[in-house]
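Could you look over this structure with me?

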Amino acid sequence: MIAETPFADAEPAVGPDGKLIVPQEVEAAIRTLIRWTGDDPTREGLVDTPRRVARAWKEYCAGYGDDPARHLERVFEEVGGYDEIVLLKDIPFQSHCEHHMAPIIGKAHIAYLPRNHVVGISKLARVLHGFARRLQVQERLTAEVADCIWEQLQPQGVAVVIEATHACMAARGVRTPGVTMVTSRMMGVFREDERSRKEVLSLMGARA
Ligand SMILES: Nc1nc2c(ncn2[C@@H]2O[C@H](COP(=O)(O)OP(=O)(O)OP(=O)(O)O)[C@@H](O)[C@H]2O)c(=O)[nH]1
Ligand SMILES: [Zn+2]
């Protein structure tokens with residue numbers, strides 16, 4: 001049996017422009033970044049860093065290889081006459097902001113009011129991660145998750161609230177940690193009916 005090497009290279013990949021990118025190119029770019037920040041990429045502690053970083057970024061951005069809608073293809077028709085809100089609350093997620101490629105770390109609350117069928121609850125978290133593991137802005141992430149559920153399940157309503165902190169605000173630039181950005185997208189009954197909206201927000205216990 002061949003043991004997996006702890007520092008196996010990332011796989012080559014085809015970019016959106018159709019051109020092949022080999023891991024060595026990515027690693028060279030990271031070595032340049034290290035030199036540019038003022039450190040020596042040949043010193044012992046940094047020698048494997050470009051390979052680690054290349055693989056880490058493939059993992060952070062694994063959502064590009066996913067079509068989140070596919071997670072909602074399997075539905076359950078028999079729900080015992082259940083016709084109330086289904087809410088998945090406090091789902092932790094990680095993303096990266098498209099402006100600084102810095103971490104966005106937070107939690108999402110995802111609710112829908114079923115029409116004819118429900119999905120397995122893990123699938124809502126899969127949809128979230130499929131969109132989160134890309135370069136994002138929080139507003140688009142929120143909208144993409146809500147739109148995907150709306151289109152795939154055709155429910156009576158969808159409500160998505162995301163609360164997150166942005167490392168680009170905490171660790172650089174304005175350097176203001178402890179700030180939470182809250183975004184929401186309400187669709188169907190949660191947009192049109194004040195009572196339904198209040199009910200879902202109260203179940204979420206969100207700050208929106
Ligand atoms: N609306 C929104 N803004 C974001 C998000 N993530 C990061 N930002 C902001 O994107 C903005 C980019 O602003 P720029 O002025 O182009 O970049 P910058 O000079 O690095 O800005 P500072 O962060 O203020 O130093 C910053 O204000 C960030 O705080 C997000 O998810 N949504
Ligand atoms: Zn940012």
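The points below go from the basis of the model to its domains, its sheet and its ligand site.

1. Basis. This is a predicted model: local features need pLDDT of at least 70, side-chain atom pairs count only at pLDDT 80 or more, and totals for chains, interfaces and linings use all residues. Residues are numbered from 1 along each chain as its sequence is written, while chains are lettered from A and ligands numbered from 1 in the order in which they are written.

2. Domains. The domain assignment gives domain 1 (13-60) and domain 2 (78-204). Such bounds come from an automatic or database assignment. Taken over C-alpha atoms, the centres of domain 1 and domain 2 are 32 Å apart.

3. Sheet. Five strands form an open sheet in the order S7-S4-S5-S8-S9, with mixed pairing. Strands (E, at least two residues) and helices (H or I, at least four) are DSSP runs, numbered from the N terminus. Two strands pair if DSSP finds at least two bridges between them. S7 (135-136) and S9 (181-188) each have a single partner strand, so one side of each has no neighbour in the sheet.

4. One pair in detail. S4 and S5 run antiparallel and are joined by nine bridges. Phe93 has Gly106 in S5 as its bridge partner.

5. Ligand shell. Which residues surround ligand 1? They are Cys97, His99, Val137, Gln138, Glu139, His166, Cys168, Met169, Gly173 and Val174. A residue counts as near the ligand if its C-beta atom, placed from the backbone, lies within 6 Å of it. Helix H4 (138-153) and helix H5 (167-170) each supply at least two residues of this shell. The shell has five nonpolar residues, four polar and one charged. Here Ala, Val, Leu, Ile, Met, Phe, Trp, Tyr, Cys and Pro count as nonpolar, Asp, Glu, Lys and Arg as charged, and the others, Gly among them, as polar.

6. Annotated site. An unreviewed UniProt entry places the feature "binding site" at Cys97, His100 and Cys168. These residues span 72 residues in sequence, yet no two of their C-alpha atoms are more than 7.9 Å apart, so they gather at one spot. UniProt positions follow the numbering used here, feature names are shortened, and annotations may be inferred rather than shown by experiment.

7. Two site residues. Cys97 lies in strand S4 (residues 86-97). His100 sits in the loop between S4 and strand S5 (103-113). Cys97 is partly exposed, with 18 C-beta neighbours inside 10 Å. His100 is partly exposed too, with 15 other C-beta atoms within 10 Å. The cut-offs are 20 or more for buried and 12 or fewer for exposed, with partly exposed in between; C-beta atoms are placed from the backbone.
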